[in-house]
Amino acid sequence: MANGDFGLGNESTIIKSGIREVFTPHIPVDEITHFFGREDEATRLVSVINSPGQHILLYGDRGVGKTSLAKTTCKVILQKIQRGHFFEKRCDSGDTFSSIFEEPLEKSGIDLSFKEETNTHNQGGGAAINAGFAKADLSSKRETKTTNSANFKPDSPSWVANQLKSLSGIMLIDEADAIQLDSDKKKIAELIKLLSDHNSTFKLVVVGIATTGEELTAGHPSVERCLKEVSLQRMCDDDLKKIILNGMQSLSLRPDDDVVNKIVDISAGYPHFTHLISLKCGEAALIDNNRHITMDVLKSALNEAVKDSEGALQRMLESTLRVLNTPQEYKLLLLTASYCSTPEFRSAELRDKLKSKFGVEVDSKALSRRLTKLTQGDEITILYKPARGCFQFTDPRMPSFLKMALNSDDNEI
Ligand SMILES: Nc1ncnc2c1ncn2[C@@H]1O[C@H](COP(=O)(O)OP(=O)(O)OP(=O)(O)O)[C@@H](O)[C@H]1O
Ligand SMILES: [Mg+2]
């Protein structure tokens, strides 16, 4: 039997609607029209970047919206306040101090890939003769090229600072937590200090996953005065609601109030999930040619959202459940844990929640044993113990994933 059109008909409806430009779970926002909330943080970023000698360190949990905030703010500054270049470097584990600054160094005339610096000298000094009716510029068009790659010191913060200090613009160093060596992180901090001492108009915005700013600067002591730290927390419910309602409205989609509230609840402050679930709800509605989004639409959208979720989260849940004798019991336990209000929870809190939310009574010792089992294993486990008697999800996005994955089959529980 033929395979039909591989869903191409639906795809073309979805693409024509523009929904994938509105809800972008896998792409950071970089336009003010799609950027919501974060007023205080954005104001602080703008004011720090515009203060002489100050640079920014933006850190927070995975997926809270760091890149979106940094990119949107940099763009606004460069469009509306000052002119200059924008450089963006996403670091990976192979990056070192010298590889990070290749692009701005190239902009200032240094091409590290050829290991050649080209200095162009105009000869003739601009002398001119004035012959009464005409002025002839005798500046020679002869140019000499000097190549002195031996003088390149891309590993040296002071050499890099000297090359970059007269550039104007902003450089976003994203995923700084991926830089492997502390010595490379320290060098970035040193460069910031030097640029600040030179009162350079070249500003750095360092972004990464961390719980403290120190993790990203490897605790460099003297950089504190010129590197302002902004810690980004999860988004508040009202701002997540704005993402859903503005996006839906721009597409003429009408979600029920309980759908909006459920998406906000599942998202738990992570805009990635808000975009993902809204996208899947919207796609389903567009395919059905019914712009009204009900709880039934949401339910099937959650299944689709789970399939599109990050593999790491799916694998972690699967590998956890696979080795357990009573996976259904553990599913209920994990789902209940994902409704705890603080990242850290105790077994007593979970016991109360199991009773109030699902009407299930569990013996406290048995519950503690089960929770502890979820913290044990050779690989990274789904829970860990931050302190005696406390439990926490290893990946802070796991509660949202569990609410999607397990709510969509909550009849089984
Ligand atoms: N202020 C915002 N308004 C609307 N959507 C946002 C906002 N901030 C983030 N998002 C959306 O949330 C998702 C995650 O954002 P982003 O990639 O910026 O997070 P991150 O903290 O940089 O993530 P990671 O730790 O994986 O690098 C993206 O889909 C982005 O579109
Ligand atoms: Mg990011």
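**Ligand 1 and its shell**

Me: Between which domains does ligand 1 lie?
Reply: In this predicted model, the bounds of the domains come from an automatic or database domain assignment. Because both of them give residues to the shell around ligand 1, it lies between domain 1 (8-17 + 237-307) and domain 2 (38-120 + 157-232).

Me: How many residues surround ligand 1?
Reply: A residue is counted if one of its heavy atoms lies within 4 Å of the molecule. The closest are Thr24, Phe36, Lys66, Thr67 and Ser68, and the number that surround ligand 1 is 23.

Me: How far from an oxygen atom of ligand 1 does a polar side-chain atom of Ser68 lie?
Reply: A polar contact here is a pair of N or O atoms within 3.5 Å. For Lys66, a side-chain N or O atom is 2.7 Å from a ligand oxygen, while for Ser68 the distance is 2.6 Å.

Me: What share of its accessible area does the protein cover?
Reply: Accessible areas come from the Shrake-Rupley method with a 1.4 Å probe. On its own, ligand 1 has 630 Å², of which the protein covers 91%.

Residues are numbered from 1 along each chain as written, with chains lettered from A and ligands numbered from 1 in written order. Local features need pLDDT of at least 70, side-chain atom pairs pLDDT 80 or more, while totals for chains, interfaces and linings use all residues, and side-chain values use heavy atoms, without hydrogens and water.

How values were computed: Polar contact = N/O pair within 3.5 Å; in protein donor to acceptor, adjacent residues only side chain to side chain.
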